Amino acid sequence: MATPVQISAQPEAAVRRTRLFALPEMRWAALAVALFLLGLAAQLAGAPAWLWWGLYLACYAAGGWEPGSVGFRALREKTLDVDLLMVVAALGAAAIGQITDGALLIVIFATSGALEALATARTEDSVRGLLDLAPETATRLTAGGEETVRAADLSVGDVVLVRPGERIAADATVIDGGSEVGQATITGEPLPVDKTAGDEVFAGTLNGTGALRIRVDRRAEDSVVARIAMLVEQAGRTKARTQLFIEKVEQRYSIGMVAVTLAVFATPLAFGDSLQRALLRAMTFMIVASPCAVVLATMPPLLAAIANAGRHGVLVKSAVVMERLGATTRVAFDKTGTLTRGMPHVDEIRSVDLDFSEAEVLRLAAAVEVDSEHPLAAAIVRAARADGQQLPTAEGFVAEPGSGVSAWIGGCRIAAGSPAAMLGAGNEAVERCARTVTNTLQEKGFTAVVVTSEGRPIGVLALTDQRRPEAAVAVEHTTRVTGSTPVLLTGDNQPAAARLAAAVGLHDVRGGLLPDQKVAAVTELRSEGHRVAVVGDGINDAPALAAADTGIAMGGAGSGLTLHAADAIVVRDDLTAVPTVIALSRRARRVVVANLVIAATFIAVLVIWDLAGTLPLPLGVAGHEGSTVIVGLNGLRLLRRAVWRRSAPELPGAA
């Protein structure tokens, strides 16, 4: 238990974020939206037609040139996509005087493309930021002394000196020295871990107050932190393959719509109809068959659900994510910082000497720890003050890295530290009792701190990560929503994981997992047919979040990479929001299905009318816009706050 370097529970590098308007797609989309709004305002205000027509045409140019160019490139490759189809539909609408409809189509597609480009850029930023965790240089020991070298130039077998407060430059084994290392970024363990000769350390983790000599085990590109970045990228590419089915549907729809439009135009001409009438019929078909109503059938309920979730502290990054959340059948929770707060606290106090009560053991331990900046020391001091203890004055404070602290209190030497340092090989009854208590607590997953007076054990403190008060309720709600009990995936040790799982109602517990093992566990769950949502907060959780069907990050303590790798973020760190947003997504999916039925019915009726008879253009436009308004209003019902309350499942016996 040492001082004085503060070890962050979740050290991370600053993430280089792409600015919002640094992307050309975002700038063009913003310009298109602004021009559309100006044109609409001018039209509604009764301005001259040339003015609002000019604004709408400028909107066409700003928002349509990029999807149009992409569509033409696709044509050269003998494919046809919906982007080009929408540009053609918009131009067709303008050709028959319905330029407002066309401009709206342009705005929808330009905005969607910009958001996709931004999401891609931010993910790339996060991966680059992760790689910045490892320091750029390291102090290599040679026969002639020390030399500073680039971390990337370290070779397997090199001996490196890590001074107090420095980040470790490579995955390595400790060969000399002792210290505590904060490695929450890799394993998810909430507390610094004592490291001595023979222990493994990871690149990017933060050394505490002792000096370490380490032998490099892996090159920089093979380190755990580098593998995390690689896993995030690979999982992202794997997830993108699911878009292949959508692309096939787009292709068939586009080809079919173009073929029918040409037929609607050419057939009347072949039977002697006038060019103007044939063109009018074809453009009417293009409008009524336009997927604008289908787009709005899907987006308003999902966007309304996103807005509603946002008001209640859950940031869902896209409509696709909101839709996918509702398909979740199994949730995997991380432990540290997710089901727990990532902050140690004193759970039990055991006196092993009849001359000292439990309150006295805590009081003396807090008095000797008050000058320490170690996370465990802070937890002991908080516990004593919460108990109303008046701490005596400690003199001659001494900290020994990896062992503990000591000071003089009332003429006695009081010490507190790790069992290995505080307990000797003595066979006295009090020594045996202290070892028995310590072993029992450690088997339960507690971190044990032994308190001694003049070298004689007087008590043992059991510390653990503080469980979130709503964790058990969140697990129960999640089970009711998804129909299956969640699984616990953690880098913490199995006893600690099992103890927490028993407290919150989890049965499937997998402890001691490194990031790639978490990904393997998620892959296994998916292979069993589950749609998996992973909830986590640390950088070590980022690959699992990316590999899952849906990744949910706890935003209060979440690392930068995790927040960007995740599909949704619980901003207020309220775990009960996880099952609630899943239930909200399911409600939104039901509304989407209803809207699609409405939109498809309108389109089918109008298209059949246009093909089988003569659909007046005003009636076609009214039907098309009417269906759009109906599905839009139906979707916006999900904006109501009452929808969130109804989406939160009630426990049995709840009022």
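Among contacts in the protein chain between residues at least 6 apart in sequence, what percentage join residues at least 24 apart? The share is 68%, where a contact means heavy atoms within 4.5 Å.

This is a predicted model, in which local features need pLDDT of at least 70 and side-chain atom pairs count only at pLDDT 80 or more, while totals for chains, interfaces and linings use all residues. Residues are numbered from 1 along each chain as its sequence is written, and side-chain values use heavy atoms, with hydrogens and water left out.

**Figure 1. The protein chain as a whole.** Welcome to the overview: the protein chain has 23 helices and 22 strands. Helices (H or I, at least four residues) and strands (E, at least two) are DSSP runs, numbered from the N terminus. Of its 655 residues, 51% count as buried, meaning under 20% relative accessible area, with exposed over 50% and partly exposed in between (1.4 Å probe, protein chains only). The chain exposes about 28,200 Å², and carbon and sulfur atoms supply 59% of that area; accessible areas come from the Shrake-Rupley method with a 1.4 Å probe, and for residues only the protein chains shown count as cover.

**Figure 2. An aromatic cluster of Phe-36, Trp-52, Trp-53 and Tyr-56.** The structure holds 4 aromatic pairs. Rings of Phe, Tyr and Trp (its six-membered ring) pair if their centres lie within 6.5 Å; planes under 30 degrees apart count as stacked, over 60 as edge-to-face and the rest as tilted. Trp-52 and Trp-53 form a tilted pair, 6.4 Å centre to centre with 40° between the planes. Trp-52 also pairs with Tyr-56, this time edge-to-face, at 6.1 Å and 75°. Why are Trp-52 and Tyr-56 separated by about one helical turn? They are 4 residues apart in helix H2 (residues 49-76). Trp-52 counts as buried because its relative accessibility is 15%, and Trp-53 counts as partly exposed because its value is 27%. Tyr-56, like Trp-52, is buried.

**Figure 3. A charge over a ring, with Arg-499 and Phe-446.** Here the charged end of Arg-499 sits over the ring of Phe-446, 4.1 Å from the ring centre. The criterion is NZ of Lys or CZ of Arg within 6 Å of the ring centre and within 35 degrees of the ring normal.

**Figure 4. A mixed open sheet of 7 strands.** Follow the strands in the order E10-E22-E21-E20-E11-E18-E19; two strands pair if DSSP finds at least two bridges between them. Strand E10 (314-316) and strand E19 (508-510) stand at the edges with a single partner strand each, so one side of each is left without a neighbour in the sheet. From one strand to the next, the twist averages 20°. Strand E11 (residues 330-333) and strand E18 (residues 487-489) run parallel, joined by 2 bridges, and Ala-332 stands opposite Val-487 in E18. Helix H17 (residues 494-504) lies across E18 and E19, running at about 155° to E19. Axes are lines fitted to C-alpha atoms, for helices over the stretch in contact, and angles run from 0 to 180 degrees between N-to-C directions.

**Figure 5. An antiparallel open sheet of 6 strands.** The order to trace is E2-E1-E3-E9-E4-E7. Strand E2 (145-150) and E7 stand at the edges, each with a single partner strand, so one side of each lacks a neighbour in the sheet. Strand E4 (residues 172-177) is joined to strand E7 (residues 200-201) by 2 antiparallel bridges, and Thr-173 stands opposite Glu-200 in E7. E4 also pairs with strand E9 (residues 212-216) over 5 bridges, where Val-174 has Ile-214 as its bridge partner.
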